[in-house]
Amino acid sequence: MSLLHRGIHRLGYAWIAVKDSRLLKTRKFYTSELGLLETGSEPHRVTFRCWHEPYKFSFVVDHRDTPGLVEIGFHVRDDNDLDSFQKKLAEAGVTVERADANSVLQGLGKSIAFTVPAGPRIRLFATMDMLGYVSGYEGPDWVAPKALRGMAAPLNINHVAFTSPDPAQANAFFSDVLGFLASEKVVDEAGKTISSLLFRMAKNVGGQEVAIYPGKEVKLHHVAFTKEDASDIMADGYYLRSDGVAIDLLGPLRQPYGNTFSLHFYDSNGIRLELCSGGRMTEVHPEIQPVVWSKAHLREALSYYDEALVPEEFFLPCV
Amino acid sequence: MAVTRLSYMSIYALDIAASEKHYTDVVGLRVTGRQLGQVYLQAHESQDHHCIILNASDRAGLDHVGFKVSDINDLTEAEIAARDWGLVTRRIASADILGQGDGLMITLPSGHVFNLFYHSEKVGYSYGMKDPDIILDHVDGISPVTHLDHALLAGNDCDKSVKFLMEALDFNLTETILGPDGSSFAFFLTTSSTVHNLAFAPGPPNSLHHIAFYVNDRADVIRRVDMLKHRKITTLDYGISRHGIGGVTTTYFFDPSGNRNEFQCGIYEAPTIRGNVPPIVWAGEHIPRGAFYYESAVPANFFEVVT
C-alpha cells in the first residue's frame with residue numbers, strides 16, 4: 001500500500017534555552033502559571049507537555065548561558081521517512097547528524113538533526129515515549145485536570161516562530177525539502193517572501209507549525225500554544241495579568257495574518273509565548289493557495305484592532 | 001501520496017430552492033455554481049469550489065461523499081486497492097461535477113459512494129486571497145462557518161467500510177463506541193489532525209446521519225442556536241450540548257429535506273498516523289456521556305432519524 005500519509009505529520013516539540021541555573025523560576029512559571037505538566041527532568045533540563053497531548057513532551061527548557069531557540073522537533077511516520085529525509089537533505093547539501101534513541105532527549109526515539117539554511121536547527125524523529133492521555137482512554141472527560149484550572153492550560157503546542165536573515169531562503173527549504181505548505185505569506189514590492197506561515201498538519205487552530213519572520217539573525221520570536229476560542233483567551237489574560245505576568249503591548253489580538261485570536265506575553269525569563277485560537281483549516285495538498293499580504297498592508301495584517309499601535313520592532317526576537 | 005480531507009457532501013434536496021435558502025441563510029454558505037438540478041455551495045473561509053452539492057430529487061439523503069487526494073496518481077492506486085478488496089469502482093470525468101477534476105467513484109461495503117479526486121478549482125476565501133479584510137458581514141453578525149468539518153454516515157456493514165478505509169486508504173481511528181459484545185459499532189475516522197473527517201454508525205443501508213460545519217468560537221455556537229430557534233428551524237431536543245466524544249461544542253438541526261446538520265466547535269488534535277496513539281473507547285455506562293456530555297443521556301430519536 002502506498003496511499004500513506006508520509007513525511008512530517010506533527011509538530012513534536014519546541015526546545016528552548018533560558019538562563020535560570022536551577023530552572024526553579026522556569027518550573028514555577030510553566031506548571032503554576034501557564035498550566036503545563038512537567039514530565040521529566042535532567043540536570044539543567046526540564047520537559048513539559050500540554051494536558052491534551054499523549055506524548056512525553058512538547059516543550060523542553062534547558063538552562064544555558066545563551067538563551068534562545070535550541071531546536072524544533074517534528075514527528076515523521078516511520079524509519080523509512082527518516083532514511084528518505086536523510087537522503088533528500090544530503091542532496092540539498094545539508095549536513096545531517098543521526099542520533100540514537102534517548103541519546104539527545106530522554107524519551108525520544110532515533111532521530112536526524114540538521115540546520116535549515118537561514119533557519120533553525122530541526123530534528124526529525126519517528127517515535128517518542130507516550131505517557132498517554134491524562135484523561136485515560138476509556139470514556140475520557142476531555143476536560144482540563146482540576147489542578148490546572150484557573151490557568152491557561154493550553155491543549156497543544158501550536159507553532160514556533162523564528163526570525164531569519166533570509167526568510168525567502170528558509171521558506172524555500174521548508175517547502176522544497178521538508179514538504180511544508182504556506183497558509184499565508186508576506187511579500188515585498190518585488191514579490192519576494194519576507195515572512196510566511198507554514199504547515200504540515202490539517203488541524204483546527206491550523207495554518208502554522210512554523211512562522212518565519214524577518215530579522216538580523218536566526219532567533220526565537222515566540223512559541224504558541226492552542227486554546228479553544230477567544231473567550232478562553234480573554235479569561236486567560238485576566239489570570240496572567242493578575243499574577244503580574246508581562247503581557248504584550250497589543251493585548252488580546254485579532255491577527256488577520258494567520259486568522260488567529262491570540263494573546264502574547266512573556267515567561268519568567270523573557271521568552272515570548274502566545275495563546276492562540278482561530279486559525280485556518282488547511283489541507284496538505286500541493287494546490288492549496290496561501291493568503292498573500294503586501295508589505296504595505298503589514299500593520300493591518302498584524303493587528304485588526306490596533307494597527308496604529310503595532311510597533312516597528314514587532315518582528316524583533318524575544319531573547 | 002495520501003487522502004487529504006473530506007472535501008464535499010453531495011446530497012439530495014426535495015425542494016432545491018428551499019434547500020439553497022437553508023444552506024445560504026441558515027448555515028451561512030455561498031453559492032459557487034449551478035447546473036440543471038444542482039446547486040454548489042462553499043463556506044466563506046474555504047478555498048475549493050464546493051463543500052455541498054444539492055441535487056434535486058424526490059428523496060432526501062446522501063448521493064456521495066468527496067475526498068481529495070494529494071497526487072493524481074493516487075486515483076489509480078486507490079482503484080487497484082478497491083478492486084483487490086472486491087469493491088465496485090467507476091471513473092468519472094471532470095465535466096461530470098462542476099469545479100473539479102477527474103474522479104474515482106468507489107462503492108463501500110456499507111453502500112456509501114466515495115469520489116476520490118485530486119483537483120478542485122479555487123474560488124478562494126470570500127474576502128479574497130490578497131490583503132483581505134477578514135471580517136464579513138454575513139449571517140446576522142455571526143462569524144460564518146469556516147469549513148465542512150465531518151459527516152456521520154449510517155448503514156450496514158460499517159465495520160467493513162472502516163476496515164477498507166483504514167487498511168487501504170490510511171484513515172486512522174481516533175475514537176470508537178463498543179456494543180455489549182465488545183465489538184465496535186461506531187467509528188470516528190480521520191485523515192488529518194482533527195478528531196474525525198468521517199464517522200460511521202449502524203443504521204439503514206447507505207444513509208446519512210449528519211453533516212457538520214465548523215464554527216471557530218463557542219460563543220458563536222450559542223448565538224447560532226439562538227438564531228435557529230428565532231427562525232423556527234427544527235433542532236434536536238438539546239439546544240446546545242457538548243459531545244463527550246471529542247469534547248466538542250455542538251448543536252443539531254435539520255435542512256428542509258430532513259437531512260441533519262450540525263454546528264461544531266472544538267480543537268481536539270488527533271493523531272494522523274495509525275498505530276501511534278491508541279483509539280479512545282466508549283462502552284457501557286460511558287456511552288450516554290460520550291454522546292451528550294452535560295445531559296449524559298441520548299435523545300430517543302438521535303440515532304433513529306437518518307436520511
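Eight strands of chain A make up an open sheet with mixed pairing, in the order β2-β3-β4-β1-β5-β8-β7-β6. Strands count as paired if DSSP finds at least two bridges between them; strands (E, at least two residues) and helices (H or I, at least four residues) are DSSP runs, numbered from the N terminus. This is a predicted model, in which local features need pLDDT of at least 70 and side-chain atom pairs count only at pLDDT 80 or more, while totals for chains, interfaces and linings use all residues. Residues are numbered from 1 along each chain as its sequence is written, with chains lettered from A and ligands numbered from 1 in the order in which they are written.

At the edges of this sheet stand β2 (37-42) and β6 (97-99) of chain A, each with a single partner strand, so one side of each has no neighbour in the sheet. On average, neighbouring strands here are turned by 20 degrees against each other, direction ignored. Axes are lines fitted to C-alpha atoms, for helices over the stretch in contact, and angles run from 0 to 180 degrees between N-to-C directions. Within the sheet, β1(A) runs parallel to β4 (residues 59-63) of chain A, and five bridges join the two. Val18(A) has His63(A) of β4(A) opposite.

Two helices pack on this sheet. α1(A) touches β1, β2, β3 (45-49) and β4 of chain A, and its direction makes about 5 degrees with that of β3(A). α2(A) touches β5, β7 (111-115) and β8 (121-125) of chain A, at about 25 degrees to β7(A). Contact between two residues requires C-beta atoms, placed from the backbone, within 7 Å.

Chain A has another open sheet, of nine strands with mixed pairing, in the order β14-β15-β16-β13-β9-β12-β11-β10-β17. Its edges are β14 (253-255) and β17 of chain A; each has a single partner strand, so one side of each is left without a neighbour in the sheet. Strands β15 (residues 260-266) and β16 (residues 272-278) of chain A run antiparallel and are joined by seven bridges. Tyr266(A) faces Arg272(A) in β16(A) as its opposite residue. Helix α3 (residues 167-176) of chain A packs on the sheet against β9 (156-164), β11 (193-199) and β12 (210-214) of chain A, its direction making about 25 degrees with that of β11(A). α4(A) lies across β15 and β16 of chain A, at about 15 degrees to β15(A).

Chain A is divided into domain 1 (8-125) and domain 2 (155-315), with bounds taken from an automatic or database domain assignment. The C-alpha centres of these two domains of chain A are 20 Å apart.

The contact takes 35 residues from domain 1 of chain B and 37 residues from domain 2 of chain B. β1 (3-13), α1 (16-26), β5 (62-69) and α2 (74-84) of chain B each give at least two residues to the domain 1 side. The most, nine residues, come from β1(B).

Between the chains, 44 residues of chain A are in contact with 47 residues of chain B. On the chain A side, β1, α4 (230-242) and β17 (291-294) each supply at least two residues, and β17(A) gives the most, with four residues.

The largest nonpolar core has 166 residues; Ala14(A), Phe59(A), Ile52(B) and Phe187(B) are among those with the most contacts inside it. Such a core is a set of buried Ala, Val, Leu, Ile, Met, Phe, Trp, Tyr and Cys residues joined through C-beta atoms within 7 Å. A residue is buried if 20 or more other C-beta atoms lie within 10 Å of its own, exposed if 12 or fewer, and partly exposed in between, with C-beta atoms placed from the backbone. β1(A) gives the most to this core, with eight residues.
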